[in-house]
Amino acid sequence: MAQKNDVLFLKPVFKEKIWGGQKLAQFGYQLPADDIGECWAISGHPHGTNVIENGTHAGETLAQIWQTDRPLFDNYPGERFPLLTKILDAEASLSVQVHPDDAYAKVNAHDLGKTECWYIIDADPGAYLIFGHHAQTKAEFETMVKAGQWDQLLRKQPVKTGDFVYVPSGTVHALNKGIMALETQQSSDTTYRLYDHDRVDAKTGHKRDLHLNDAFNVTQIPFAPVAANTTETTQGASKLITLVSAPVSKYFNVYHWLIKDTVNFEKQYPFTLVSVLNGTGTLTVGDQTYQLKTGQHFLLTAAASSWQLAGDLDCIASVPGQLN
């Protein structure tokens, strides 16, 4: 018999953002405001943790059961559920920002560091990211930031639907207008803003805070992009793509599963996070079958030794890094 907590379906948490809009409604969500920028899809972070919708833990949060039922996660170490999956809708451009590594975040923000990556769900023609910078020294970087020489300083990278970008901590970056992305990241909410387009938040009447000193301390200089080690296999008509994995990524492996028939999976990691970007199908674990549709997010716990996906499904999945 299948265990009741083999699969945990999670209720999304929505975040209003100055740069957000309404496009996340395409996933079937009832959005609580007009400026929703983020769907926190799978999160145990204290700033937004998901409620579990099924099983014996229904009504509890992911953060709670991380503390009370660690065997569900194969006793994976850490004070907090280690990963956070988001969907972001950049109706307007995000701030130019940078995230700290674990060591800096622990001391200065009492948080985890933030290495992240983006799968580009949709991008308008001509869309681009801010990804890195052109300064060669710390002094040059600080001088150009303080002078507002953004066109000369910031590195622009065109993106299109289906692209994948790996963003280690210390990387200056921004999603720009017209991009929707699924973000897989460490469970951190620490961001240091360098530039916010001089805009005023209509709700407060003030510009948002910048964090220049912290940003100067953590930015990688000179910038050295890290390419993802993407590989692809096929199983029947289905494609199983590894977008990034060790040794490139220390904190997570991320996968793109394009299911066109039936694919069987065996557990290889303590737990697996899955988001259904599009399509319909089924998930079978043991003797239980669940109907899947666009916009669902679920966690395959340590109790799921194998599972089967069937139908026509476009999914992004991730697993935690293997800690030494």
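This is a predicted model: local features need pLDDT of at least 70, side-chain atom pairs count only at pLDDT 80 or more; totals for chains, interfaces and linings use all residues.
Okay, the overall picture. We've got 5 helices and 25 strands. The radius of gyration comes out at 20 Å, close to the 20 Å from the globule rule for 324 residues, so the protein is as compact as a globular protein of that length. If you box the C-alpha atoms along the principal axes, you get roughly 65 × 40 × 40 Å. As for burial, 56% of the 324 residues count as buried. And take the contacts with a separation of 6 or more: 72% of those come from residues 24 or more positions apart.

Now let me zoom in on strand E1, residues 7-11. It's mostly covered, with 4 of its 5 residues buried. Who does E1 pair with? One partner is strand E24, residues 297-300, antiparallel over 3 bridges. There, Leu-8 has Leu-299 as its bridge partner. Another is strand E6, residues 51-52, also antiparallel, over 2 bridges. On that side, Lys-11 is bridged to Val-51.

So, aromatics. Searching the whole structure turns up 19 aromatic pairs.

Next pair, Tyr-255 and Trp-257. Why is that one called stacked? Because the planes are at 20°, under the 30 degrees cut-off, with the ring centres 6.3 Å apart. Again we're looking at buried residues, Tyr-255 at 14% relative accessible area and Trp-257 at 6%.

There's also an aromatic cluster to find on the screen: Trp-66, Phe-73, Tyr-76, Phe-81 and Phe-271 form one together.

Last stop, a charge over a ring. Which residue lies over the face of Trp-40? That's Lys-15, at 4.6 Å from the ring centre.

Okay, that's my tour. Over to you folks.

Note on methods: Residues are numbered from 1 along each chain as its sequence is written. Side-chain values use heavy atoms; hydrogens and water are left out. Buried means under 20% relative accessible area, exposed over 50%, partly exposed in between (1.4 Å probe, protein chains only). Two strands pair if DSSP finds at least two bridges between them. Rings of Phe, Tyr and Trp (its six-membered ring) pair if their centres lie within 6.5 Å; planes under 30 degrees apart count as stacked, over 60 as edge-to-face and the rest as tilted. A charge sits over a ring if NZ of Lys or CZ of Arg is within 6 Å of the ring centre and within 35 degrees of the ring normal. The radius of gyration is taken over C-alpha atoms; the globule rule is 2.2 Å times the number of residues to the power 0.38. Contact means heavy atoms within 4.5 Å.
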